[in-house]
Structures are given as structure tokens and as C-alpha cells.
Amino acid sequence: SSSAASTGASYFKIARDNNDKELKIGSLPLQLQEYAIIEDLLFIMMGIEGKYIEANLSEDFTEDEQQLDGVTYSVDGSLDPSLKDLTERILPLATYYTSINAFVEMHSKFEYGFVNHALCAAMRELLK
């Protein structure tokens, strides 16, 4: 089983190293789809756009407004339906994180008052 995992990991590394945007996640075996989507979810949770999960940015809002509303994400449609469902259930956490983080960054200035500054400092500690 560990040799299958190492083989899968090396195949996955080759697939990721190609940086081929044309490679659909649905063309990978199920186990590799799982590895790829977990990696993308981890990137998204850190605020980095993934390869198979992309941010939906609206041109109707400024960047600050978009971040305060929280960035929404879309998942590659070729992903296995069960993995796609699980991924879409986790993605709102990333949306909430980006929204809260944007609020903290925007409102932690003294111009918003001492209470907001203290609130943002406490929130920043919780986000770590």
C-alpha cells in the first residue's frame, strides 16, 4: 500500500510540475484527484489560488469590497462528483476567512478608533 502511495505521489508530482492548465482533474485516477483537491484546498485556505479551484472575482466591485464580501470559488467541473460535493462544502470556510481577514486589515488602523483597533488585534490573534 505504501508503494502505491509513493507511486501515486510521484505521478501526482509529475502532473503538478507540468503546469498544464489543460489537464483536467477528472482525467486523473480518483486517488490522485483526492490528492490534488486537498492540495488546492490547502492553498485556498492560505489565500493562494489553486490549480483546480479558482476565485470568482467580480468586476462590479473594487478589490476591497470584493474581499470584504468574501471571495467565492469555483471547482473544476470534471472533478469526481463526491469529491466536488465535499470540496464545495469546505470552500465557504475559505470565503469566511478571506472576508474576516480583509476586515481586520482594513479596520485595524487607528482612524477607525481604539475599540476597532483592539477588536482587530484580537481577531488577528485568533486567525493565526
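Q: How many salt bridges does a search of the whole structure find?
A: The search finds three. A salt bridge is a side-chain nitrogen of Lys or Arg within 4 Å of a carboxyl oxygen of Asp or Glu. This is a predicted model, so local features need pLDDT of at least 70 and side-chain atom pairs count only at pLDDT 80 or more, while totals for chains, interfaces and linings use all residues. Residues are numbered from 1 along each chain as its sequence is written, and side-chain values use heavy atoms, with hydrogens and water left out.

Q: What makes Asp85 and Arg89 a salt bridge?
A: Their closest N and O atoms are 4.0 Å apart. The pair is counted as a salt bridge.

Q: Why are Asp85 and Arg89 separated by about one helical turn?
A: Both sit in helix H4 (residues 81–107), four residues apart. Helices here are DSSP runs of H or I with at least four residues, strands are runs of E with at least two, and both are numbered from the N terminus.

Q: Why is Arg89 called exposed?
A: Its relative accessible area is 60%. Exposed means over 50%, buried means under 20%, and partly exposed lies in between (1.4 Å probe, protein chains only). Arg89 is therefore exposed. Asp85, at 40%, is partly exposed.

Q: What makes Arg124 and Glu105 a salt bridge?
A: The closest N and O atoms of Arg124 and Glu105 are 3.7 Å apart. Arg124 lies in helix H5 (residues 114–127) and Glu105 in helix H4, so the pair ties together parts that are 19 residues apart in sequence. Arg124 is partly exposed at 32% relative accessibility. Glu105 is partly exposed too, at 46%.

Q: How do you know that Glu125 forms a salt bridge with Lys128?
A: Look at the closest N and O atoms: they are 3.2 Å apart. Glu125 counts as exposed at 51% relative accessibility. Lys128 counts as exposed at 73%.

Q: Which residues touch the most other members of the largest nonpolar core?
A: They are Ile25, Ile37, Ile53, Tyr73 and Leu91, out of 16 residues in that core. A nonpolar core is a set of buried Ala, Val, Leu, Ile, Met, Phe, Trp, Tyr and Cys residues joined through side-chain atoms within 4.5 Å. Helix H2 (30–45), strand S2 (72–75) and H4 each supply at least two residues. H2 gives the largest share, five residues.

Q: What is Leu91 in contact with, leaving aside its neighbours within four places in sequence?
A: Leu91 is in contact with Leu41, Ile44, Ile53, Tyr73 and Val75. Contact means heavy atoms within 4.5 Å.

Q: Why is Ile44 called buried?
A: Ile44 has 2% relative accessibility, so it counts as buried. Its place is in helix H2. Leaving aside neighbours within four places in sequence, Ile44 is in contact with Glu49, Gly50, Ile53, Tyr73, Leu91 and Ala94. Ile44 and Tyr97 are 53 residues apart in sequence and 9.9 Å apart in space, C-alpha to C-alpha.

Q: How do you know that strands S1 and S2 pair?
A: Two strands pair if DSSP finds at least two bridges between them. Four bridges join S1 (residues 53–56) to S2, and the strands run antiparallel. Ile53 has Val75 as its bridge partner in S2.

Q: What makes the side chains along S2 alternate?
A: Tyr73 and Val75 point to one face and are buried.

Q: Why is Thr98 called buried, and what does its side chain reach?
A: Thr98 lies in helix H4. Its relative accessibility is 14%, so it counts as buried. The side chain of Thr98 reaches the backbone oxygen of Thr95 at 2.9 Å. A polar atom of that side chain lies 3.3 Å from the backbone nitrogen of Val71. Leaving aside neighbours within four places in sequence, Thr98 is in contact with Gln67, Gly70, Val71 and Tyr73.

Q: How many helices and strands does the chain have?
A: The chain has five helices and two strands. From the N terminus on, the elements run α-α-β-α-β-α-α. Buried residues make up 30% of the 128 residues.

Technical notes
Polar contact = N/O pair within 3.5 Å; in protein donor to acceptor, adjacent residues only side chain to side chain.
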